Amino acid sequence: MTLNNRTVKVETVVKAMTYAIGLIGFLSVVRHIGILYALAFVLLALLSVYLEYKKRFLMPRWFLNVLALAMVILTVFRADPDDPVLAIVEALLILVAIKLLEEKRFRDHMQIYLLTMLLLTGSALLSIDIIFLLYFISLAFLLAPAIVMLTYYSQDKSLELRTDTLLR
């Protein structure tokens with residue numbers, strides 16, 4: 001089978017792009033955050049990939065929403081009034097991980113994209129250097145096609161594209 005005749009499910013492309021976008025957000029802030037938050041994100045993201053692969057979502061959405069709300073409340077109490085950025089960035093990172101754990105619908109993917117953009121913005125507030133530009137360009141080039149693929153996916157969940165069409 002040649003490359004032109006192979007097909008790829010749009011669902012697979014959307015999921016892969018969503019995880020790649022989340023990874024870019026994580027990489028942009030990992031050198032600034034605490035080790036516990038980095039480890040928590042990695043573990044939750046790996047659990048999410050496993051659950052995605054098995055197509056089983058163990059935790060109900062309401063539980064994850066309560067967990068996210070608790071994370072926000074904890075951040076309010078933890079944040080330093082003189083420099084709240086680090087606590088907010090750490091909370092955003094955990095919120096991305098929690099969103100990755102859910103069974104994702106259109107709005108969940110879009111929320112992950114938004115939270116990742118906020119993470120990148122937070123990393124710029126913590127330290128703006130040349131690596132920020134690389135993360136920014138990566139995210140900019142990945143977000144546009146991800147949103148297009150997500151739109152296709154939301155219209156037809158069983159849609160498949162030929163590999164050459166997808167690469168273009």
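Is L115 buried or exposed? L115 counts as buried, because its relative accessibility is 14%, under the 20% limit for that class. The model discussed here is predicted. Its largest nonpolar core has 45 residues, and a nonpolar surface patch of about 540 Å² is also present.

**Nonpolar core**

- Within the largest nonpolar core, F41 and Y113 are the residues with the most contacts.
- Helices α1, α2, α3 (61–78), α4 (85–101), α5 and α6 each contribute at least two residues to this core.
- The greatest contribution comes from α4, which gives 12 residues.

**Surroundings of L115**

- L115 belongs to helix α5, which spans residues 106–126.
- When residues up to four places away in sequence are not counted, L115 touches L92, L95, V96 and K99.
- L115 and L93 are 22 residues apart along the chain, and 8.0 Å separates their C-alpha atoms.

**Surroundings of F41**

- Once neighbours within four places in sequence are left aside, the contacts of F41 are G22, F26, L93, I94, V96, A97 and L100.

**Aromatic pairs**

- The model contains 3 aromatic pairs.
- One of them joins F26 and F41, whose ring centres are 4.8 Å apart and whose planes meet at 15°, so the pair is stacked.
- This pair links distant parts of the chain, with F26 in helix α1 (residues 10–29) and F41 in helix α2 (residues 35–54), 15 residues apart.
- Both F26 and F41 are buried.
- F132 and F136 form another stacked aromatic pair, with 6.2 Å from centre to centre and 25° between the planes.
- These two residues, F132 and F136, both lie in helix α6, 4 residues apart, or about one turn of the helix.
- F132 counts as buried because its relative accessibility is 17%, whereas F136 is partly exposed, with a relative accessible area of 43%.

**Nonpolar surface patch**

- The residues that make the patch of about 540 Å² are I130, L133, F136, I137 and F141.
- I137 counts as partly exposed because its relative accessibility is 37%, a value between the limits of 20% for buried and 50% for exposed.

Technical notes:
Residues numbered from 1 in each chain as written. Predicted model: local features only at pLDDT ≥ 70, side-chain atom pairs only at ≥ 80, totals over all residues. Heavy atoms only, no water. Patch = residues over 30% accessible without salt bridge, like charges linked within 9 Å, V, L, I, M, F, W, Y side chains within 5 Å. Areas by Shrake-Rupley, 256 points an atom, 1.4 Å probe, with all protein chains shown as cover. Salt bridge = Lys/Arg side-chain N within 4 Å of Asp/Glu carboxyl O. Buried < 20%, exposed > 50% of the residue type's maximum accessible area, 1.4 Å probe, protein only. Contact = heavy atoms within 4.5 Å. Phe/Tyr/Trp six-rings, centres within 6.5 Å; stacked < 30°, edge-to-face > 60°. Core = buried A, V, L, I, M, F, W, Y, C linked by side-chain atoms within 4.5 Å.
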